[in-house]
Amino acid sequence: MTNQGAHQAAGQAQDIPGRGGIWQRPDSLWEATAPPPPVLPALQDSVQADVLVIGGGFTGLSAALHAAEAGRRVVVLEASELGRGASGRNNGQVIPTLTRPDPADLIDRFGWESGERLVGLIRDSASTLFDLVRRLGIDCAAEQTGWVQPVHSPGRIKIAERRATQWGKFGADVELLDRAAVSAILGTDAYFGGWMNRTGGHINPLALVRGLAAKVVEAGAAVYVNSPALSVQRRGDSWVARTPQGMVTAGSLVLGTNGYTASIFPEIRTEVVPVLSWQMATAPLGDNVRKTVLPGRQAMSDTHGDLRFMRYTADNRLVTGGALLNPVNGAERLKRIVGARLAGMFPALNGVTFDYVWNGRIAMTTDYFPRVHRLGPNGFAWAGCNGRGVALSVSLGRELARAAIGQDPKDLALPFTAPTPLPFNALLQRIGPLKILQYRWNDAREV
């Protein structure tokens, strides 16, 4: 790839890019509660670097931090403000698995050596994130209380059995749970069993983005906001990125833009399908209710395709969400839909109110596998978080940094494949929400 570029900035209320790439978004809980961001400039000059990082989310900032800590000159280009993309607008669950593929699937796809390295990275990804937060002292409401996946029908217990067995085989701190154990963890009898990974948990994602950016700057890197890369070209031994008012020349390139990748990276932009994901936060719950609903404060996401998920915040708000076929008036409709869903599972939540509803885009692949790519000499990227981007992005950002500073990628957890653009990608994005109908059909059956 010789003419590539950076990601678009964040979006409008319905998550649609506005003019100039700047969005007017629905307010999120994270924006109301995260510490303020560091004051950062836009790029207005020509600068040199060892490593150019495009994208100021989890992937880009993790890559920048690790490269800067290794003594490299690093420049980060963020198209908008920090956290305007998925990294600052997700649910904040830190989950050390993929959505669908299990360890055996990864090894079948990538071979034993590459697959096992990726399995190890994913297995450790939650602890990698929490250990980094503790090492750097980042204030992001981090709680490593574990993550649980309950199963919503009797036949799906085989999913929990398979995942607990496979991840346990590779040393993950997991446990298979019977119905009574899940009921005790969640405070509801709505599920038939499940499994838990004790290394998971949750964070305030925007606070993590802002905190990481501050530490990146402290490590000596330069972070520029409101500086979209309009073009990226390979010239001689360097990568050259142009922004509206500046230029960066660097020996290595890391692209970490995922579902917000711009059209000047067509192969990567069109191999994922950006999907609108809705999040919402209740008013703070009283202690008597909080102690009966998810009393251990774990992160939870279940086996529904039309996903049920939740976790607490530091002030005891329950952060959950849902999916919609049509985003029109989505916030008010979701308040009714998710409110009724919660009341059905937890009678104590009958009449619960929501103070915040917001959305962001996640990058889905058709087979639920992440994609890791070489962009050219010393150029690296990944895309396709499939709803597991918090822990995965931080760990893959570290690996991409190691590749960018000269470590042999063959020794890293980077299973490179060629980009696989999806035919009719624009059409898939339009009809993608209809996939919810299939999920709901499958959710009602034993599949």
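Analyst: Helix 2 and helix 7 are roughly parallel to each other, a label given to angles under 35 degrees, while angles over 145 count as roughly antiparallel, 65 to 115 as roughly perpendicular and the rest as oblique. This is a predicted model, in which local features need pLDDT of at least 70 and side-chain atom pairs count only at pLDDT 80 or more, whereas totals for chains, interfaces and linings use all residues. Residues are numbered from 1 along each chain as its sequence is written, and side-chain values use heavy atoms, leaving out hydrogens and water. Helices (H or I, at least four residues) and strands (E, at least two) are DSSP runs, numbered from the N terminus.

Two packed helices are described by the angle between their axes and the distance between the axes. For helix 2 (residues 58-69) and helix 7 the angle is about 25 degrees and the axes are 9 Å apart; axes are lines fitted to C-alpha atoms, for helices over the stretch in contact, and angles run from 0 to 180 degrees between N-to-C directions. Their crossing is left-handed, which is the term used when the near helix is turned anticlockwise from the far one by less than a right angle, clockwise being right-handed. On the side of helix 2 the contact (heavy atoms within 4.5 Å) is made by Phe58, Leu61, Ala64 and Leu65, and on the side of helix 7 by Pro205, Leu208, Val209, Leu212, Ala213, Lys215 and Val216. These residues divide into 10 nonpolar, no polar and 1 charged, where Ala, Val, Leu, Ile, Met, Phe, Trp, Tyr, Cys and Pro count as nonpolar, Asp, Glu, Lys and Arg as charged, and the others, Gly among them, as polar.

Helix 7 (residues 205-218) also packs with helix 4 (residues 112-136), here at an angle of about 55 degrees and with the axes 11 Å apart. That angle makes helix 4 oblique to helix 7, and helix 4 passes helix 7 in a left-handed crossing. Leu129, Leu132, Val133 and Leu136 of helix 4 meet Leu208, Leu212 and Lys215 of helix 7, giving a contact with 6 nonpolar, no polar and 1 charged residues.

Another antiparallel pair is strand 10 (residues 231-235) with strand 11 (residues 238-242), joined by 5 bridges. In this pair Arg234 has Trp239 of strand 11 as its bridge partner, and the hairpin has 2 residues between the strands, with Gly236 taking a positive phi near 60 degrees.

Technical notes:
Two strands pair if DSSP finds at least two bridges between them.
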